[in-house]
Structure formats: C-alpha cells, structure tokens
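Hello,

Here is the structure for you to look at. My notes follow below.

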Amino acid sequence: MRRPVPAWLRIATCRFRAHISASISRAVAKAASSYNTLGIPRGDKAAYAKQALENYNFFGAPHVAIIHTNEALGVYGAVDCGAYVSNFMLAAQALGLGTIAQASLARQSGLIRRHFHLADDRRVVCGISFGFADNAHRINSYHTSRAIVADTATFVEE
Ligand SMILES: Cc1cc2nc3c(=O)[nH]c(=O)nc-3n(C[C@H](O)[C@H](O)[C@H](O)COP(=O)(O)O)c2cc1C
C-alpha cells in the first residue's frame with residue numbers, strides 16, 4: 001500500500017522545482033580568459049596546444065588522484081564520483097592544498113588503466129592534481145567568475 005505523502009511535502013514539491021544546468025559556454029569563456037592571463041595571444045593555436053599539454057604534467061603538481069568507477073554503475077557511478085571530487089577538493093582546500101580537477105586525463109584512460117593495473121570494468125572519470133599551490137604563478141591570479149542562480153536554475157511555480 002502506498003504511504004500517504006505528508007501535506008507539507010506535497011506543498012514543497014508542487015511549489016518548487018529547480019532545474020540545474022551547467023554551461024559549456026562558460027567553460028569556453030573560462031579557457032579563453034585563462035589563456036589571456038597567461039599572456040597567450042588570441043588565436044595562437046600552438047600556444048593553446050602547449051598549455052593544454054600541461055594537463056599531462058599535472059600543471060606541475062606533485063600528486064594526482066585518479067577517480068574511477070565501475071562501468072556497470074553508469075551515470076550514477078559518475079554522479080558519485082562528482083560528489084567525491086567536490087569533497088576531495090574542499091577537504092584539500094581546508095588543509096591548505098591546491099587542487100585542479102582534470103577531465104582531460106580520462107582521454108588517456110587506457111594508459112592510466114595499465115599503469116595502475118585497473119580492471120577492465122573500471123572507467124576513468126577524471127583526475128585531481130594536488131599539492132601546495134604556487135601563488136606566485138600568474139595563472140593563480142586568475143579567478144573564474146560564478147554564474148548567478150538565475151542563469152543556472154529554472155524555478156517552476158505550479
Ligand atoms: C570535473 C572537472 C573537470 C575538469 N577538467 C579540467 C581539465 O581537464 N583541464 C583543465 O585545465 N581544467 C579542468 N577543469 C577546471 C579546473 O579544475 C578548475 O575548475 C578551474 O581551473 C577553475 O577553478 P575555480 O573555478 O575553482 O577557480 C575541470 C573542472 C571540473 C570540475
């Protein structure tokens with residue numbers, strides 16, 4: 001038998017639904033601005049590529065955590081990894097460490113799997129490079145903006 005939904009919960013679910021979305025255009029804008037901070041001229045594809053390769057140098061960090069999930073868990077495994085990544089980064093920050101989440105490492109998942117002897121059913125989601133931040137490096141003077149709530153959530157009144 002279905003249990004009745006308490007009245008307060010019904011009101012809450014009817015009156016409010018939020019739709020959260022991430023924006024690719026913000027990520028592209030972020031990349032362009034960070035190249036700017038590094039003094040890379042707009043359109044300099046060779047310099048863009050060189051900077052992108054820094055991903056595989058872990059941006060100079062001494063450590064990298066590889067985040068992987070069981071392939072069979074599908075999107076839910078990836079969601080769990082996302083929550084793990086967020087908490088890892090917050091915990092590191094609280095300990096005075098800098099982090100950079102790196103989805104680009106997943107492009108080399110075959111190599112990573114072999115290096116760490118990961119089973120074939122593991123799917124590499126991303127890496128997190130971490131260490132003490134070099135605050136004197138000019139890239140660390142670059143701060144991304146934060147989207148306002150209205151740009152990322154749609155509130156639906158019913
Ligand atoms: C899941 C995830 C994957 C990311 N992958 C990369 C990446 O592969 N390479 C990169 O340069 N930045 C990547 N970023 C962006 C950086 O980790 C970081 O968010 C960015 O430098 C700005 O940090 P801030 O928003 O805290 O200032 C990724 C971010 C997230 C959340």
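Leaving aside its neighbours within four places in sequence, which residues is F130 in contact with? They are A61, H63, A65, A92, L97, G98 and T99. Contact here means that the C-beta atoms, placed from the backbone, lie within 7 Å.

Two points on reading this. Residues are numbered from 1 along each chain as its sequence is written. The model is predicted: local features need pLDDT of at least 70, side-chain atom pairs count only at pLDDT 80 or more, and totals for chains, interfaces and linings use all residues.

**Strand β4**

Strand β4 covers residues 122–131. Strands are DSSP runs of E, at least two residues, numbered from the N terminus. In β4, 7 of the 10 residues are buried, so the rest of the structure largely encloses this strand. Buried means 20 or more other C-beta atoms within 10 Å of the residue's own, with C-beta atoms placed from the backbone.

β4 pairs with strand β2 (residues 63–70) in the antiparallel sense, over 8 bridges. Pairing takes at least two DSSP bridges. H68 stands opposite V124 in β4. β3 and β4 also run antiparallel, joined by 5 bridges. There, G98 stands opposite G131 in β4.

**Core**

The largest nonpolar core has 7 residues: A61, I67, L105, V124, V125, I128 and F130. Of these, β4 gives the largest share, 4 residues. Such a core is a set of buried Ala, Val, Leu, Ile, Met, Phe, Trp, Tyr and Cys residues joined through C-beta atoms within 7 Å.

Best wishes

Note on methods
A residue is buried if 20 or more other C-beta atoms lie within 10 Å of its own, exposed if 12 or fewer, and partly exposed in between; C-beta atoms are placed from the backbone. Two residues are in contact if their C-beta atoms, placed from the backbone, lie within 7 Å.
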